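Please view the sequence and the model below before reading on.

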Amino acid sequence: MPQQKNHSFDVIVVGSGASGGWACKRLAEAGLKVALLEAGRPQSDENFTEHKPEFELKYRNKAHELIRKTRPIQVKFGVCNEYTYDWFVNDLDEPYTTPADKPFNWMGRLRMTGGRTNVWGRVSLRYSDGDFKSASLDGYGENWPLGYKDIEPYYDLVEKYVGITGSAEGLEHLPDGQFQPTVPLTCQETLFRNRVKEKLGRTVMPTRSANLTKPINGRGPCHYCGPCERGCMTHSYFNSAFTTVADALASGNCTLISNAMAYKVLMDPDRNRARGILYIDRITKQPREVSARAVILCAQSQESVRILLNSATPQYANGLANSSGVLGHYLTAHVRSGGGSGEFPAFGSKPSLGAPIKPLGIYIARFRNLPNTPPYKKFLRGFGYEGESSTEFNWGAPGFGAAYKKSLLEPRSAIDITGFGEVLPRWDNFVELDSTVKDVYGIPVLKIHMSDGENERAMIQDMGDSAGEMLEAAGAKNIRTYAHPSAPRWALHEAGIARMGADPKKSVLNQYQQSHDVKNLFVMDASGFTSNPCQNPTLTIMALCVRSCDYLMSELKRNAI
Ligand SMILES: Cc1cc2nc3c(=O)[nH]c(=O)nc-3n(C[C@H](O)[C@H](O)[C@H](O)COP(=O)(O)OP(=O)(O)OC[C@H]3O[C@@H](n4cnc5c(N)ncnc54)[C@H](O)[C@@H]3O)c2cc1C
Ligand code: SF4
């Protein structure tokens, strides 16, 4: 069957999530003609169900077994539920493989405009200079080819547009940003923050989160209904579907091509240039081509690298833009299997089913291996904690009858915290193509090899121990801590498999996420991250993407690519 062709564009952007949304906004608003290829369906306010009670659902949101039949991996994370499951990839249609002894849960694979930003947790933190130069500080791995000053103006730009609520804390290792007014801490959280600071010197703050407390660009402030992962009709959290992508489309310069599963980058071998993308229409399963002067992959780390591996040519036999041989290697993703909880009975206010729900909690800034402090002996790098307080009905109360009803109304007022830790980039954590398996569109799938090392194991143990220490310092009762090995590895914050660097022999991309090998090919998601600091990655993904788009436009202007 001959391939159908779309007309030519200035730039093709693959993927409409956090990075792709910004790429198409920045470029289309500057006047470039952009084709936005998105594997998923268009998103719409009509799909949002944040105000729909469970009793209105067919299976009362208890249909896990049913969802498991098509999404056995995605359903492992609570945001894939009866409200949202059809936003997620069908794991059977689009599988991946792992070695038997290295299970890996590749969750959060969305197939909607907006990608993961439809359901993300919205925690938005800057990296610091110490993160970009961590190899110089502790001797492990490579420094990033850029520093904090290079990205700072782009953090400012992105934060002002996205709308990040947060508090200025003056920490060198977790720089302050352009914050909207913060959402106040609850009583438990305030007590926890004060005592942890007083007794241990650690900083607990309101989560820096992409939820509006003031209106911007026609988006209303949050009204505290709670389940942001089901959408938001007032557009009060950041989802690229109704922000960056909507702006790009409104410019008149961006064409969204939905249900377009990018298969490979098409090359002009004589000129060593990318000339377009071959994609499979997910509805008709027919191949199509679209061409442009430059190609930007923003499909999420593993998906973008899968496209590059599937784009091998005689010249790039091990994957496109892989003369270094590092493409697919140095996979990182946060470990988060250590933490704890404790109760604060003094705050025994009555639980309620109808109260406002704060969509963000607390963040505890990293306190191990900071610049200008002695190195921590047990592991390199560090971790922060995400947490929240809750006052709930005592659902776990034993017994039945009147006594049960009474205990049910005795509230459990608690704080839970979970560590998010940096994983060291290691060569033997990698992805490759599985030559024996294809997805339902005929595209070879990834085989993912990932496991924890000694550093991660020691860090997870400390996440549990330090959680207990802080809850104790705060005077919590019934403290429970945990520190599990993180197998099967699971991931929402994957990065590093087409890493940036100054040396083309050791990296795939330069500091502008431009391929060293193919000058009109860029990868603007987290694939390029040289390391994966413990802060959540998306704010940095977006800021870097805008910086790289500005570079791309200047290069196009001077006909350098
Ligand atoms: C439940 C959850 C909670 C999270 N919480 C946080 C948080 O609190 N803070 C934080 O910083 N990060 C968080 N993240 C991670 C965050 O969502 C991602 O870092 C971010 O969305 C990645 O942006 P991206 O552009 O790389 O990919 P995505 O946003 O995933 O977008 C990729 C898009 O590309 C499309 N695509 C994939 N393959 C192809 C293909 N072959 N052809 C065409 N299109 C394709 C997908 O359909 C998707 O729409 C969370 C993620 C999840 C799932
Ligand atoms: S809690 Fe706020 S941001 Fe989240 S869905 Fe409700 S109104 Fe929107």
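In what follows, a residue is buried if its relative accessible area is under 20%, exposed if over 50%, and partly exposed in between, with a 1.4 Å probe and protein chains only. The model is predicted: local features need pLDDT of at least 70, side-chain atom pairs count only at pLDDT 80 or more, and totals for chains, interfaces and linings use all residues. Residues are numbered from 1 along each chain as its sequence is written, and side-chain values use heavy atoms, leaving out hydrogens and water.

**Helix α11**
- Helices (H or I, at least four residues) and strands (E, at least two) are DSSP runs, numbered from the N terminus.
- Because 17 of its 20 residues are buried, α11 is largely enclosed by the rest of the structure.
- Asn-559 follows α11 and has a positive phi, near 50°.

**Surroundings of ligand 1**
- Ligand 1 is surrounded by 38 residues, each with a heavy atom within 4 Å of it.
- The closest are Ser-19, Glu-38, Gly-121, Ala-262 and Thr-538.
- Strand β9 gives the largest share of this shell, 3 residues.

**Polar contacts of ligand 1**
- A polar contact here is a pair of N or O atoms within 3.5 Å.
- Nitrogen atoms of ligand 1 lie 3.0 Å from a polar backbone atom of Ala-39 and 2.8 Å from one of Ala-262.
- An oxygen atom of ligand 1 is 3.0 Å from a polar backbone atom of Leu-110.

Methods:
Chains are lettered from A and ligands numbered from 1 in the order in which they are written. A polar contact is a pair of N or O atoms within 3.5 Å; within protein, one must be able to donate a hydrogen and the other to accept it, and residues adjacent in sequence count only if both atoms are side-chain atoms.
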